[in-house]
Amino acid sequence: MRPGCASVLRWLLLAQAVAQAVGGRPCNAKDFGHGSQVCACSATYCDTLDPVVLPAPGTYVKYESSKAGKRLERSQGSFRQNAETPDFHLTLNTAQRYQKVKGFGGSVTDSAAINIQSLSKDAQNHLLRSYFSEEGIEYNLVRVPMASTDFSVRLYTYADAVGDFELKHFNLTEEDTQMKIPILQAAQAMAKRPLSLYASPWTSPVWMKTNGAMTGRGTLKGSPGDKYHQAWAKYFIRFLDEYAKYNLTFWAVTAGNEPTAGEIVFYPFQCLGFSPEHQRDFIARDLGPALANSSHRHVRLIILDDQRVMLPYWAQVVLKDPVAAGYISGIGIHWYLDFLAPIDLTLSITHHLFPDYFLLSTEASTGSYFWEPRVVLGDWDRGSKYSHSILTNLNNYVTGWTDWNLALDLEGGPNWSKNYVDSPIIVDSSKDVFYKQPMFYHLGHFSKFIPEGSQRVGLSVSKKCRWCNLEHSAFLRPDGAVVLVVLNRSPADVSFGISDPRVGSIEATAPSDSIQTFLWKQPA
């Protein structure tokens, strides 16, 4: 090797070492012509982020993503003292305290697992690290379906043997042991903080159901307290038992995914119908006691797990029964019919009626309406819809937000019912690559910087901005740092100020179609 080549090689090795020490690697941008870009990852390369380090007192760090191409791009600046603040400014008030945050995450469905495992081992590692590690967006919430959903390639439950009330033939399937469980174990191993897993069933075995089918209108046979309801409650316990054998313990279970779907004739995929009265009595007589009398008595129980348009009525029916209420910790909501349900008339009212029960967003996905294209690579607006939903939910007492499938293919599946949707990560297994969508980075503006235990605090607006509509929310982290997220969905840049009376002020600009996360320390 010639001396010149040797020196160049040494320089390249040094540059690589420095890059690894610093941590962050830039987005490998790819434009599919849909308004913004995706970041392409493979077995050999994937963009990464530095671990979060709090800035020095009197300074702040800002992370910015934009339609123009920034992806969690970090910059820093200093607070100003005794400076005039712009007419339009946000003022922090940490004396005003609201709900504590549980976290952010997504769902390990069969389809997500199939797509993740369709990649080479190195690409799989990059994908999971992107979601769960310090060099990624640090998800801490994971929803796990109990058996099959529409995002499966076949219909199954864990107890399909007819009449097996004692569940002697209850068995996990290869979808669990070969797919979901290894992914969950890998995710937990690379996460800095423990993951909070929660499980949701879509349907009971068909022999327990009034219609004898996994799809369509049907509920449990009999009535609460009988052998069918007791067996269905025992099914939850057996699921938790079996996953515990793989060192996977659950933070919570929901009483059932979208119980109103099972009240719809010809519903096209797995469902199990419950009215609020039926769910109340099932919990009071069967599921609640089953959990309380098991080794899983600390697992939280979440009701509804359905559209927020059902609130506050559903909560009033279930939680006003003291026996059922004693077993319940929270209320799960989906986003699909949000346009029918004003947030202040559903979530805020429910919180004020039942302040001791947490609200948690348990499912959302874009591309789900019949008039929409399913997968759109590089669609910035879909990411903005996620952030808008998260901010409005957080500002109305919701404690966390869970995306649907962690990863889907280019079609938005697989899905046995052809109910395809979009996802923050899209996998092209033919090229051994995956694409991180704008949705992924929007989620990261929350999940990476607002850890579990953070508390929403007061944030006042000096005056209404006539030409813009900035959306924002502020939090005090357990380590005492402040996080402020600002979303600009308008096509124009917006100048604004940030004032923290204990630190100083910032003059800032939210570029058009952008999201920013600010982070700073307060005096001890």
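Helix H10, residues 380–394, has 15 residues and reaches 21 Å from its first C-alpha to its last, close to the 21 Å expected at 1.5 Å a residue; the expected span is 1.5 Å times one less than the number of residues, and helices (H or I, at least four residues) and strands (E, at least two) are DSSP runs numbered from the N terminus. The model is a predicted one, in which local features need pLDDT of at least 70 and side-chain atom pairs count only at pLDDT 80 or more, while totals for chains, interfaces and linings use all residues. Residues are numbered from 1 along each chain as its sequence is written, and side-chain values use heavy atoms, with hydrogens and water left out.

Because 11 of its 15 residues are buried, H10 is largely enclosed by the rest of the structure; buried here means under 20% relative accessible area, exposed over 50%, and partly exposed in between, with a 1.4 Å probe and protein chains only. Among the buried residues of H10 are Trp-380, Arg-382, Tyr-386, Asn-393 and Leu-394.

Leaving out residues up to four places away in sequence, Leu-127 touches Ile-116, Leu-119, Ala-407, Ile-425, Val-427 and Phe-434. Phe-132 lies in helix H3, residues 121–132, and counts as buried at 3% relative accessibility. With neighbours within four places in sequence set aside, the contacts of Phe-132 include Glu-138, Tyr-139, Met-190, Leu-195 and Leu-406.

Glu-138, one of the residues in contact with Phe-132, also forms a salt bridge with Lys-448, the closest N and O atoms being 2.8 Å apart; a salt bridge is a side-chain nitrogen of Lys or Arg within 4 Å of a carboxyl oxygen of Asp or Glu. This pair links distant parts of the chain, 310 residues apart, with Glu-138 in the loop between H3 and strand S7 (141–146) and Lys-448 in the loop between helix H11 (438–447) and strand S17 (455–461). Both Glu-138 and Lys-448 are buried.

By this rule the count comes to 24 salt bridges. One of them joins Asp-47 to Lys-436, with the closest N and O atoms 3.3 Å apart, and this pair too links distant parts of the chain, Asp-47 in the loop between strands S2 (37–41) and S3 (59–66) and Lys-436 in strand S16 (433–436), 389 residues apart. Asp-47 and Lys-436 are both buried. In the salt bridge between Glu-64 and Lys-70 (3.3 Å, N to O), by contrast, Glu-64 is buried, with a relative accessible area of 5%, whereas Lys-70 counts as partly exposed at 32%.

Elsewhere in helix H5, residues 227–244, Glu-242 is found; Glu-242 is buried, with a relative accessible area of 12%, and touches Phe-170 and Leu-172, not counting residues up to four places away in sequence. On the loop between strand S11 (330–334) and helix H9 (343–353) lies Phe-339, which is exposed, with a relative accessible area of 58%.

Notes:
Contact = heavy atoms within 4.5 Å.
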